[in-house]
2 protein chains.
Amino acid sequence: MKQTSDLLYQEYRHMLVDNILPFWLRYGLDRVHGGMYTALDRDGSILDTDKSVWFQGRALWTYATAYRQVEKNAEFKTACDSLVSFIEKHCFDPADGRMFFRVSKEGRPEIKRIRYVFSETFAILGFAAYSRAFNRPDYAQKAYDLLLKVEGYLNTPGVLVPKFETASIGFGLPMILLNTVQELRAALPDRVVEFNARIDGYLEQIKTHFVRPELQIVVEQCNPDGSLQLDHFEGRQLNPGHAIEGAWFILNEARYRNNDPDLMNLGTTMLDWMWSKGWDAEMGGIIYFRDALGRSATEYWHDMKFWWPQCEATIANLMAYSMTGKESYLTQFDTVHQYIKGHFIDREFGEWYGYLHRDGSLSTPLKGNMYKGPFHIPRMYLVCCQLLDELRR
Amino acid sequence: MKQTSDLLYQEYRHMLVDNILPFWLRYGLDRVHGGMYTALDRDGSILDTDKSVWFQGRALWTYATAYRQVEKNAEFKTACDSLVSFIEKHCFDPADGRMFFRVSKEGRPEIKRIRYVFSETFAILGFAAYSRAFNRPDYAQKAYDLLLKVEGYLNTPGVLVPKFETASIGFGLPMILLNTVQELRAALPDRVVEFNARIDGYLEQIKTHFVRPELQIVVEQCNPDGSLQLDHFEGRQLNPGHAIEGAWFILNEARYRNNDPDLMNLGTTMLDWMWSKGWDAEMGGIIYFRDALGRSATEYWHDMKFWWPQCEATIANLMAYSMTGKESYLTQFDTVHQYIKGHFIDREFGEWYGYLHRDGSLSTPLKGNMYKGPFHIPRMYLVCCQLLDELRR
């Protein structure tokens, strides 16, 4: 594996440094108003001038992490400074301190979501990474203050408008908070005890409510008492890419805790179950949704192949292999790796396509929109480069 | 055409009376708690026990209209009584009088939407049709009172939470209000002058803002001053099925106004432009979205074939043919008619599929969910039976 690891490391680093990161700097970074456009067509031309608040924080995480881990590229720093400044100037509502979801190119508010805190959690990721990359403890503090605000929103009835009148709990929240606090912990080592306690709480929620041995699945939603909602579409809906993303967050926590065996077991179990549900044995790729009981889907696009579940499956399998040495994870890693090379990478204009039909044919050739931008793909290359670098030594 | 019209009339009436209407009575009507389930699998088995509030009103419209126009079937009346009672008991929030979006099978609130008034407009449709079918002027009055409430919500800032911070106006609202008030006018003939004035207003909005000769399109959204939002996905997004539905509402208004030539011209122009944008010449069927400038779509499911745009195209072409006598409309009608027979009708279990991939293959075999139920399909057969009955005479 040593030699292969080295070749793969070169390939992944090349994709990251010479393809993905320059694509968004060249076409996405707004050198007039600051911040980053993500709604780009196949050739990088702008399809929508609005800016996704999620992606200002996510792109900040990406370029700051690349600066810290890969190379001290001045362009990465320019992008980070621009993103931080755009976020602070334009992405918070002065009326109540909450963040917007979409703003215009100049930073005028366009959409504010009232049910979710994801704009905030991605800003925390970005601030934490910025702090680490450029030795700015003030941004670690800002990230921490924002986490406390998010916790306040989540714990104060009436701040977030719930989607469902009867309480449901979702896997997405503890899973995204797990990753958010992991990143923040690295930026604020003084508070490690406090962050570990939070993480223990998220892990407990995930293990108790969402990892379900009775059906060998990870569910996305259940009742607060832990009972499944098998009479409902949402209660049966599996999102394999999402669960596999959660699996590698947990494996990463196991790595942080000296290969803690319980966490390794939890992470690999989630990966095993959801790989088996999510990989499309017939046509390849991780499918978007599956029904826990195999019943008919209500989401008409349930069988599409999106870019990001393939990224998460790549990371999770490589990480599981690097921790367990099991060949089956290496085989699975290679299977996704080949699928991505055969279907997602655009060899003419760079970057990846985002949206394929079930059979692998292209649905839309755009490179970005409000949900696709410089995050999952560069994160995959960043995390895999670290893992491959360890493996090749 | 006389002979063909008669055969088609028989075929459409047979589909309506022996296939579609019994399917939902048999599998959807909840004889325990009242109201109707719409989340049904291919064979009619229940996939989700929640009830769509939209569909309680829409199904009421369907069965009441079928009772009035097609046959005085006691089962239709049973369904209508059940739906009216379920709506009045469970679908309004006693706290503020607004309607829910989804309730449990027993009528417990599940989801309330804060941006839209469509639950209300479909209840108006249902109450108006119930009033006409069963000679219940009290329900015409209730429908009218609900319309006044809707107008109040729309005109009182702060009642509806707008999706966009900067004002945008949408085609959907005047278009759905046009149809709602047309139905209400038929139930409350004393108020015809008042309703006609409202309808003139909706038609003016549609003509001024959404029908755009400069690009030969009907747009879904624009700025309040009428300028297009061509820098944005939403501003360029065309929904041909939706625009064609609006076209036949306008043609229907022309019929009501003794074939008013301006309205006939408006309706057929909308149909002509949006048929040319929406019909997939390569693979058949009306496609879901198109981009006004032919740029890449952001909605990954943009190229799917849904059931309802085919219904709207069927009605619009037959109505345009019946009013203008132009053969091209008859050809287009037959083209959709054949596509529906070849792809949507389930000859084994009855009813239609709802969601096909672009190439016509099945995405999900279910018969209903929170968005598909007894409305567009039976309405298509109901309206076409009327038109064919006129044509065969």
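**Exercise 1. Determine the volume of the largest cavity and describe its lining.**

Solution. The largest cavity has a volume of about 60 Å³. The model is predicted.

- Step 1: list the lining. B:Trp54, B:Arg98, B:Met99, B:Phe100, B:Phe101, B:Lys112, B:Arg113, B:Tyr116, B:Phe118, B:Ser119 and B:Glu120 line the largest cavity.
- Step 2: sort by class. Six of these lining residues are nonpolar, one is polar and four are charged.
- Step 3: find the main contributor. Helix α4 (residues 118–134) of chain B gives the most, with three residues.

**Exercise 2. Characterise the interface of chain A and chain B.**

Solution. 

- Step 1: count residues. Chain A puts 44 residues into the contact, and chain B puts in 44 residues.
- Step 2: take the area. The two chains bury about 3,700 Å² between them, with 49% of it on carbon and sulfur atoms.
- Step 3: count the links. There are two salt bridges between chain A and chain B. One of them joins B:Arg102 and A:Glu234 at 2.9 Å, N to O. Polar contacts link 26 residue pairs across the interface.
- Step 4: assign elements. On chain A, β3 (109–111), α8 (233–236) and β12 (362–364) each supply at least two residues of the side that touches chain B.
- Step 5: sort by class. That side of chain A has 17 nonpolar, 12 polar and 15 charged residues.

Notes
Residues numbered from 1 in each chain as written. Chains lettered and ligands numbered in written order. Predicted model: local features only at pLDDT ≥ 70, side-chain atom pairs only at ≥ 80, totals over all residues. Heavy atoms only, no water. Contact = heavy atoms within 4.5 Å. Buried area = accessible area lost by both parts, 1.4 Å probe. Salt bridge = Lys/Arg side-chain N within 4 Å of Asp/Glu carboxyl O. Polar contact = N/O pair within 3.5 Å; in protein donor to acceptor, adjacent residues only side chain to side chain. Helix = DSSP H or I, 4+ residues; strand = E, 2+ residues; numbered from the N terminus. Nonpolar A, V, L, I, M, F, W, Y, C, P; charged D, E, K, R; others polar. 1 Å grid on protein atoms, 1.4 Å probe; cavity = no way out; pocket = protein on both sides within 12 Å on 5 of 7 lines; lining within 4 Å. Points joined across faces, edges and corners; volume = space filled by probe spheres on them.
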